[in-house]
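Subject: A structure for you to look at

Hello,

Here is the structure I promised to pass on. Please open it alongside this message, and my notes will follow below.

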Number of protein chains: 2
Amino acid sequence: MENIKFDYSKGAIKQHEIQYLKSPILKAHEMLHNKTGAGNDFLGWVDYPICYDKDEFERIKKAAQKIRNDSDVFIIVGIGGSYLGARAAIEALSHSFYNEIADGPKIYFAGNNISGTYLKHLLEVIEGKDVSINVISKSGTTTEPAIAFRVLKAYMEEKYGKEEAKKRIYATTDSKKGALRTLAEKEGYETFVIPDDVGGRFSIFTPVGMLPIAVAGLDIEQMMNGAKDARVEYMEEDLEKNMCYQYAAVRNILYRRGKTIEVMVNYEPSLHYIAEWWKQLYGESEGKDGKGIFPAAVDFSTDLHSMGQYLQDGRRDLFETVLNIESPKLDITIKEDEDNLDGLNYLKGKTMDFVNKKAFEGTLLAHVDGSVPNLILNVPKMNEYYFGKLIYFFEKACGISGYLLGVNPFDQPGVESYKKNMFALLGKPGYEELREKLIKRI
Amino acid sequence: MENIKFDYSKGAIKQHEIQYLKSPILKAHEMLHNKTGAGNDFLGWVDYPICYDKDEFERIKKAAQKIRNDSDVFIIVGIGGSYLGARAAIEALSHSFYNEIADGPKIYFAGNNISGTYLKHLLEVIEGKDVSINVISKSGTTTEPAIAFRVLKAYMEEKYGKEEAKKRIYATTDSKKGALRTLAEKEGYETFVIPDDVGGRFSIFTPVGMLPIAVAGLDIEQMMNGAKDARVEYMEEDLEKNMCYQYAAVRNILYRRGKTIEVMVNYEPSLHYIAEWWKQLYGESEGKDGKGIFPAAVDFSTDLHSMGQYLQDGRRDLFETVLNIESPKLDITIKEDEDNLDGLNYLKGKTMDFVNKKAFEGTLLAHVDGSVPNLILNVPKMNEYYFGKLIYFFEKACGISGYLLGVNPFDQPGVESYKKNMFALLGKPGYEELREKLIKRI
């Protein structure tokens, strides 16, 4: 079977630079696998593809089937790691206009912002439809999903009555503690577990991602197989044989050289949310202590007509990582046109994917000539299996890359700062002192 | 009437820094208004809100009404400046789930990528529906829209026959020359003009943006009024009285201080595409000659749970510009819950927008404490008028900012590099020599 291939031949990396990182990478590998590094309480994702709860996995499939049978609408209530993975999978693997053409329930996201306009519009669009909800939160008290769920729970109970509503609400949360766990048990929701040792941004293979992905009609078994194979493959400790570690090494080499922005590039609009997921993974894992590559993303060729000028000719502190899907899902052949006023007849008989690939190659060489190192991740095709593999590739590389950088890749202390301020300004009990200080500053 | 206000009090700017830029800003102002600076062939946007063709504007409204009457589906074929402005307006001003709930035609974009999968999915989703198309291209030979239009034109002619198809295709293009002009005249399409002196990224108030925006049922008259008022307001040459110039000045001050990434922030998901439009405007105008602020964007509070950690605590080479909409379109009041397991009862009676605003203020102070200068654009509300004003604000500031930076803000030479390579690799006649060179490098 073909495999994901990482190609850094256009990265302007010298071979000795890789050599010099062999031993630091080995060290990072050992820290990760022997759990001796910072954040070692959050390494549950490493072996999750073989250690996961098989009974729960079957329960996920059954719940997904029930939801597909009895719902026109499925709402995922979660923010950050509690929705980005599922969204990335559903967009990458489903129809481009899924909600307009789906044979399963329409899928909406809520609790991932605090916009009353958005939530009110959502309530409008689901009016008269049969609804199921998956609320995803480790604690149950994260402000965004908690507010949305409070509104949606009331909506469901009003619509269906308490008894039927509870059969349509699924909670993915902590196994024992927390507000959502308590609520779910009191109400009698079916629950799924967010493991203690898996952080949000690494949680896609847990029920956090698996239930919504299964509801979209995707094959979560194949996705897990991809992750499982990736786990074995990327366990190889020799940098020269492990492409996942090569990605970790190369991005650190480029960072140390002053390439402080990494731009994730794709050539298929459906991959947009893989980049959003990736931004969280790397931004939150490495962006700390004044360090870290700034993660950005573009959709090509779309954004060649917006960010293309900058990438070609702006400040030279960036590099690109291209997610290249080798075989497209569908294709269209360009036909001859009698008049040929658009001058495209030289492409007759060629497919759009052929053109897309030439846009990729042409851009690659142009940007390299413009002093932008380009890294390429060649993925044979975009299906559940390779999606699972790719996700694991990025996760493993992220852990290694973070250790190379000298940070704890598994915490996110900075995320608390705005929350504390927000609680104080909202008048939450216990924050009175901070509140007074902040109000003076606004 | 309330107005857009630019607040840089949280930007860590010293007053003398502003003073020192008074005369350079005045110089830039004169270059722009006297058309003595670089790119002075492309200043048609400056007075466009008063100079536009009023008859054509009426024709746009009529065409939009016809499309709304006879179409279930409206497809905008264009890339870069030929779709981003319209998309930004439609998303900011319409229902969050417009295509699922619209009383007008569903709106789709095509020709803004080279994905065969996307285009095939689009053809599937419009099957059996009545369709109109607006193809937008100055030349008619830009690869992405040209391919999509070739496919869609054949589809329309097969579906409707040549006679009816031509009544459903609207071309926005050059007034005299180019492939699309020739084609439109040969086929008898209704046409609208892209002026010679307005570049793509400055073209939203021309028919490029106005026709699609009107088809979405929005009030283009009000939008133009916003632009018209902005034109007068931001003509003021005194930096201390012109908030638009203050934005240009402050971002240059921050850039010179090493803040090389500007992150555009919003707190409403519907504003996402305003940031995408803004990224093209600033990235393409300033990202050249190895210079320019790297434009990035986040949707808060969504992305506080992905990019939040980096912004709070990563490399300190960035600043934020917050687009703050003072009054929300809709709102939801948080109700009391008997059990209060989620602990939100302290918010009972408060609205989601109240919480959203506190998230904004809390984040602002947290990021400022994390050494991220924050600039704020306060917009009273998001309607057609303020949208028009805001767009003009950004355009004017961009011209001034580019002159301050010392670039030609109105060209985009770097965009050609990948195109040349792509044509060569595609085997386009005339590129044989380059083709041979490139093939060896892949």
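Between the two chains, 127 residues of chain A are in contact (heavy atoms within 4.5 Å) with 128 residues of chain B. Together chain A and chain B bury about 10,900 Å², with 64% of that on carbon and sulfur atoms; buried area here is the accessible area (1.4 Å probe) that two parts lose on being put together, summed over both. Eight salt bridges are found across this interface, each being a side-chain nitrogen of Lys or Arg within 4 Å of a carboxyl oxygen of Asp or Glu. Lys186(A) forms a salt bridge with Asp339(B), and their closest N and O atoms are 2.6 Å apart.

Before going further, some ground rules: this is a predicted model, where local features need pLDDT of at least 70 and side-chain atom pairs count only at pLDDT 80 or more, while totals for chains, interfaces and linings use all residues. Residues are numbered from 1 along each chain as its sequence is written, chains are lettered from A and ligands numbered from 1 in the order in which they are written, and side-chain values use heavy atoms, with hydrogens and water left out.

An unreviewed UniProt entry lists Glu284(A) and Lys419(A) under "active site"; such annotations may be inferred rather than shown by experiment. Glu284(A) is in helix α12 (residues 272–286) of chain A; helices are DSSP runs of H or I, at least four residues, and strands are runs of E, at least two, numbered from the N terminus. Glu284(A) has a relative accessible area of 5%, so it is buried (buried is under 20%, exposed over 50%, partly exposed in between, with a 1.4 Å probe and protein chains only). Leaving aside neighbours within four places in sequence, the contacts of Glu284(A) include Arg201(A), Asp411(A), His305(B) and Gln309(B). Lys419(A) belongs to helix α16 (residues 415–426) of chain A and is buried as well, at 18%.

In chain A, the peptide bond from Phe300(A) to Ser301(A) is cis, with omega near -5°, and Ser301(A) lies in the loop between β8 (294–299) and α13 (308–313). In chain B, Asp289(B) has a positive phi of about 55° although it is not a glycine. Asp289(B) sits in the loop between α12 (272–286) and β8, and its relative accessible area of 52% makes it exposed.

Best wishes
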